[in-house]
Amino acid sequence: MKTPAKSYYETLEIDKTADKQQIKRAYFTLVRRYQPDRFPEEFKELRAAYETLFDEKKRAEYDEIGALPKLVAPLFHYAQQAYRLGRYDKSSELYRKILQTHPKLLKIRSEYALSLLAEDKPGKAMEQWEILCKEDPSNPSYARELAQSYENRGWHRKAITEYLRGIELDRGCAQFWTGLIHCHEDANDMGEVKRICLEAFEIFKENDMGTVSLYTVIFMSCGMDDRVVGKCCLQNVVRLIRQGRIDTPRSFAEYALSGIILMVTKAEALEFFPLVLEIAELTPQLDDRIKEILAETKLQLEIRGLASEGFSDIFHDIFAIQVNEENSKEARLVMAALEWTILTEKAILNPQLVRLKSKFPDLYELHETFFDEALSTTNREKLIQQRLKLLEKHHRVPCGFNEAEAPPPPKIETVRRSEPKIGRNDPCPCGSGKKYKKCCGR
């Protein structure tokens, strides 16, 4: 037995007498439970129910549909059920039959348009949105759908006109602004893109209705030029993701985050990086390459910040060699000189090593074996001599000395005999009477 389709009131788990505040509260509560990337179908149902019941005109029409004549109401419910089951051709056929006898039911026509879209008939769906916008020009939802239809067709001028009309109807709808920005980007009108982004930013920066998509687009368009705008955009992205209010599929979020990471890294916008890391932590399904870029960038920024934290330049140079994976003869000699300095300047550098291990564990791990040896009291002299021998072999002065201050080479002591020298032809001292070369010296 098939389960009957839920009403919008049942979808939002509210009574038919619920007011706007109760509808809004119920919607955002359920959106946190059914996030669009994990429950796309449930989210669509929630969104459709919210948009219908929150709008008084659409709600009245929906209630009117609920009171349709007995011959029409079953068709509407069967059409809804067919749509949920993925039988879009069947749902389109049923909606079309209802419109033949009730052409003024705009709710039915909008459901018909959505069904045609799902059936992969965007041209016919666009015709229905045009009819809806003509019948109800004050409805922002119809304007949004028509603008998106034009944009998908590549009709940017028509799409821009419709997006602008939608903004006049609902200035606080982020989707109109995002669509308008994308259209100007496709037209390569970057001056207008920046102007619109800044205008949208002023409207949404203190408005709770902004979206992840909009703030991401604004950041990527003008966040590098205006660091205050950029930081505020990323802060809002973090806030919305934490609230579970992601308006795009996870794949788009990953793509957008990739762009932000590359942009921040390339521009060396260090003040943005903590926010980027926070966004990455909230986006677990990241591409491995993006994870590598994040890790590399984090290390590079920590290396740059060592001097400001009071660490010796020696550590900066060691980590620069490690991160860049230099393995040339020159790099090995420089590393030996740096290690020699750490080993010989124990009183000054050991406390810094201890603090490094605590404050920057990822950096410490890059050269952990040597650092642990340097902190240990055993084999210190042996380690010093190993590095000194390598440097002297290649005629290098250890780090921290100039040529005039170079330590003198070790003295070679002469070994003297304790007994007199015996010639080969002398008598052997053993008393055999033979020559030394024929006896013990053989």
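Me: Why is K389 called exposed?
Reply: This is a predicted model. In it, K389 has a relative accessible area of 65%. Exposed means over 50%, so K389 is exposed. The residue lies in helix α23.

Me: What makes K389 part of a patch of positive charge?
Reply: K389 gathers on the surface with K329, R332 and K393. Lys and Arg count as positive. Patch residues need over 30% relative accessible area, and K389 has 65%. Two elements, α19 (329-344) and α23 (380-393), each give two or more residues to the positive patch.

Me: How do you know that the length of helix α7 agrees with its residue count?
Reply: Helix α7 covers residues 106-118, which is 13 residues. At 1.5 Å a residue, the helix should span 18 Å. Its end C-alpha atoms are 18 Å apart, so the two values agree.

Me: Why is α7 called largely enclosed by the rest of the structure?
Reply: Buried means under 20% relative accessible area. Ten of the 13 residues of α7 are buried, so the helix is largely enclosed. Among them are L106, I108, R109, E111, Y112 and L116. After α7 comes D120, with a positive phi near 65°.

Me: What makes R33 and E13 a salt bridge?
Reply: Their closest N and O atoms are 3.7 Å apart. The cut-off is within 4 Å, so the pair counts as a salt bridge. The pair links distant parts of the chain: R33 sits in helix α2 (residues 20-33), E13 in the loop between α1 (8-11) and α2, 20 residues apart.

Me: How do you know where E41 and K44 sit along their helix?
Reply: Both lie in helix α3 (residues 40-54), three residues apart, about one turn of the helix. An α-helix has 3.6 residues a turn, so residues three or four places apart point the same way. The side chains of E41 and K44 meet in a salt bridge at 4.0 Å, N to O.

Me: What makes the salt bridge of E135 and K104 a tie between separate parts of the sequence?
Reply: The closest N and O atoms of E135 and K104 are 3.4 Å apart. E135 lies in helix α8 (residues 122-135) and K104 in the loop between α6 (88-101) and α7, so the bridge ties together parts 31 residues apart in sequence. E135 is partly exposed at 41%, whereas K104 is exposed at 61%.

Methods
Residues are numbered from 1 along each chain as its sequence is written. This is a predicted model: local features need pLDDT of at least 70, side-chain atom pairs count only at pLDDT 80 or more; totals for chains, interfaces and linings use all residues. Side-chain values use heavy atoms; hydrogens and water are left out. Patches are made of residues with over 30% relative accessible area and no salt bridge: like charges are joined within 9 Å, nonpolar side chains (Val, Leu, Ile, Met, Phe, Trp, Tyr) within 5 Å. Accessible areas come from the Shrake-Rupley method with a 1.4 Å probe; for residues, only the protein chains shown count as cover. The place of a charge is taken as NZ of Lys, CZ of Arg, CG of Asp or CD of Glu. Helices (H or I, at least four residues) and strands (E, at least two) are DSSP runs, numbered from the N terminus. Buried means under 20% relative accessible area, exposed over 50%, partly exposed in between (1.4 Å probe, protein chains only). The expected span of a helix is 1.5 Å times one less than its number of residues.
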